[in-house]
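Subject: Structure handover

Hi,

As promised, here is the structure I've been looking through.

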Amino acid sequence: MCQDNVNSLFNSIAAQFVGTVIKSENGMNSLDLVKESKDKANKHKWLYHCTTTNALFSIITQMEFWLSNLKCVNDKEEAKRINIHEYESTYYVSSFTYEDNVLNEHWREYGSEDDGILIGVKKEWFKQDAVFMTSGGTKCCGHKIFLNRKLCEQKMLSDLLIENRITNPFYINSFDFYQVVYNDYLKRKVCGDGITFQDGKNCPAEFIVPEVAGIIKSCKGECKRNEKETYIKDWCSEKEVRLKVGIQQMRITPSGNPIYDGSIMKWAFFPKIAVPLTNNAFDQVRIRFSPNYSNKSECLRRIEKLLPSSKIEIL
């Protein structure tokens, strides 16, 4: 396919939306919610991640955090709320709390009372980059995630024009921290009813605010992590902030038509991604041990060996 034909296809898709006005009752409210959630998250200098000893040393040695797909979170009611196919597998999250002291329930949920560690992190330590992973932690390097849409477009067009093959590359569409909103009565979803005004006529439409996904949680709800028994959890007690990364796929159909709906093909579902940390991550180590942690001195010795220049603070 020549460059002129590709440009023509791109322009024809964009032309469909020129002059369209979309009105939605809950659209602006959702955008305000997203901004407020980001603003609150950015006020916290330190965030804290609860994990086990082995997981902590995996984070330190590999200098990366693993994020789980939002459909795999332990809040089962939240996972069901994402009810649009185009966005049901595009978001990945890692959970933190903005409090440096947590309840025993938190230790049991994310670590354990005798092998739990709360490690402090800073938002600026996280690179805006990602690699797909399997549930077992193997990296899927054959499916590269580009840093932005522009680089993704360049790769797709290069494959098409130079190598004469159709590819469907991935790219990072969003990368930010959000403070979770706990509200039983906030009935926002990733889409809402709206009206488009085009050619002098009002037409029914959907107003999609995908960033809302993963921000709202009920005050209480069903919790199930890994193979543990399901129980009713007080989510408010977590005081959660999330790193949420949106991965989208740029697609061209076999007929050569580009698709920009932001979706990920069903066959391309990946349960996890790895997000790398900067070189200066953990230049300061803030750590809290679980109530019955058995060998603090050995853990601290290993940290000092891995991070000899870091200042260690025990909370």
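First, the ground rules. This is a predicted model, where local features need pLDDT of at least 70 and side-chain atom pairs count only at pLDDT 80 or more, while totals for chains, interfaces and linings use all residues. Residues are numbered from 1 along each chain as its sequence is written, and side-chain values use heavy atoms, with hydrogens and water left out.

The whole chain

The protein chain has seven helices and 20 strands (DSSP runs, numbered from the N terminus: H or I of at least four residues for helices, E of at least two for strands). Of its 315 residues, 46% are buried (under 20% relative accessible area with a 1.4 Å probe, protein chains only; exposed is over 50%, and partly exposed lies in between). The chain exposes about 16,300 Å², and 49% of that comes from carbon and sulfur atoms (Shrake-Rupley method, 1.4 Å probe; for residues, only the protein chains shown count as cover). If you take contacts (heavy atoms within 4.5 Å) between residues at least 6 apart in sequence, 78% of them join residues at least 24 apart.

Helix α3

Helix α3 spans residues 53–62, and its buried residues are T53, L56, F57, I59 and I60. They sit on the same side of α3, because they cover an arc of only 155° around the axis (taken from the directions from the helix axis to the C-beta atoms). Exposed N54 and T61 are on the face turned away from the buried side of α3.

What covers those buried residues? Among the elements doing so are β2 (47–51), β3 (64–69), β5 (117–121), β19 (284–289) and α7 (296–306). Just after α3 comes M63, with a positive phi of about 50°.

Strand β3 and its partners

β3 pairs with β18 (residues 272–276) in the antiparallel sense over five bridges, and W66 has A274 in β18 as its bridge partner. (Pairing needs at least two DSSP bridges between the strands.) β3 also pairs with β4, again antiparallel, over two bridges; here S68 stands opposite V93.

S94 lies in β4 (residues 91–97) and is buried, at 4% relative accessible area. Beyond its neighbours within four places in sequence, S94 is in contact with H49, F65, W66, L67, V241, R242 and L243.

Cheers
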